[in-house]
Amino acid sequence: MRRLLLTVGVLLALAAPAAAQVQQRLPTSDSATYNEWNASGGGSKFADVDDTIGADDADSTYISKVFGSLPAVQAFGFTAFSITSSAITNVQVVAIARQTGADGQLRGGLRIGAGPVNDYQSSAQALSGSYTTYTFTFATNPQTTSAWTEAEVEGTDGTNPLVEFYVRGQSASSGELRITNAYLVVNYTAAGGGVSPTSVMLPLTGVGQ
Ligand SMILES: [Ca+2]
Ligand SMILES: [Ca+2]
């Protein structure tokens, strides 16, 4: 029995993933620079899109922009990421969005810099008529075009910190664009490696003795 469990332990260690980690941030404030969309509740924009991730409330609370007033940008502040990484895979803007008319498109964007703050946006994605999750991926820091550093992602870098994220609606020919949920994601590899053989084997040491 002990030998079997030890074998299982070794196999688990060998099969351990490379400690891929995800951290998510809902918006906590409206940008003072880009605050161009409308809140369905008439209050803060961020409050209509900070639905619990994985449980958006569809048309109960959303931000919108009618076709005649596009393009328009809505940016948000958020609580800074706090990670311990050995490598950062990407930063993603996620929006659960739809259009009520036709030809609507959405971009995701990041605002980066210690001053000036510069704007970087993804390519556009066409919107569906029903709520769909759109993911806009930034594999590198667009201001440096190099791999993200932890300090940049956490907003503490002295030159190229991530400051705000945004959505940019464009191109509709009728109706309006709606977003019910929006958030920021960082995908990274944890520092210090993943599950080690030692940590897997230790609980099994006493089995069978
Ligand atoms: Ca850190
Ligand atoms: Ca909502």
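Ile53 sits in the loop that links helix 2 (46–49) to strand 4 (63–66). Helices (H or I, at least four residues) and strands (E, at least two) are DSSP runs, numbered from the N terminus. This is a predicted model, in which local features need pLDDT of at least 70 and side-chain atom pairs count only at pLDDT 80 or more, while totals for chains, interfaces and linings use all residues. Residues are numbered from 1 along each chain as its sequence is written, and chains are lettered from A and ligands numbered from 1 in the order in which they are written.

Stay with Ile53. It is partly exposed, because 14 other C-beta atoms lie within 10 Å. The scale runs as follows: buried means 20 or more other C-beta atoms within 10 Å of the residue's own, exposed means 12 or fewer, and partly exposed is in between, with C-beta atoms placed from the backbone. Ile53 and Arg25 are 28 residues apart in sequence, yet 9.4 Å apart in space, C-alpha to C-alpha. Leaving out neighbours within four places in sequence, Ile53 contacts Gln24 and Tyr183. A contact means C-beta atoms, placed from the backbone, within 7 Å.

Now turn to strand 6 (residues 85–99). It is mostly covered, with 11 of its 15 residues buried. Strand 6 pairs with strand 12 (residues 176–190) in the antiparallel sense, over 13 bridges. Pairing requires at least two DSSP bridges between two strands. Strand 6 also runs antiparallel to strand 10 (residues 132–138), joined by 7 bridges.

Next, the core. The largest nonpolar core has 40 residues, and those with the most contacts inside it are Ala95, Ala97, Phe165, Ile179 and Ala182. Helix 2 and strands 5 (72–78), 6, 7 (105–112), 10, 11 (162–170) and 12 each supply at least two residues of this core. Such a core is a set of buried Ala, Val, Leu, Ile, Met, Phe, Trp, Tyr and Cys residues joined through C-beta atoms within 7 Å. Beyond residues up to four places away in sequence, Phe165 touches Ala75, Phe76, Phe78, Val93, Gly109, Leu110 and Leu184.

Finally, the whole chain. It has 4 helices and 12 strands. Of its 209 residues, 33% are buried. Mean pLDDT (the predictor's confidence in each residue, from 0 to 100) is 89, and 83% of residues reach 70 or more. Over residues 196–209 the pLDDT is below 50. Where pLDDT is low, the predicted coordinates should not be read in detail.

Note on methods: Two residues are in contact if their C-beta atoms, placed from the backbone, lie within 7 Å.
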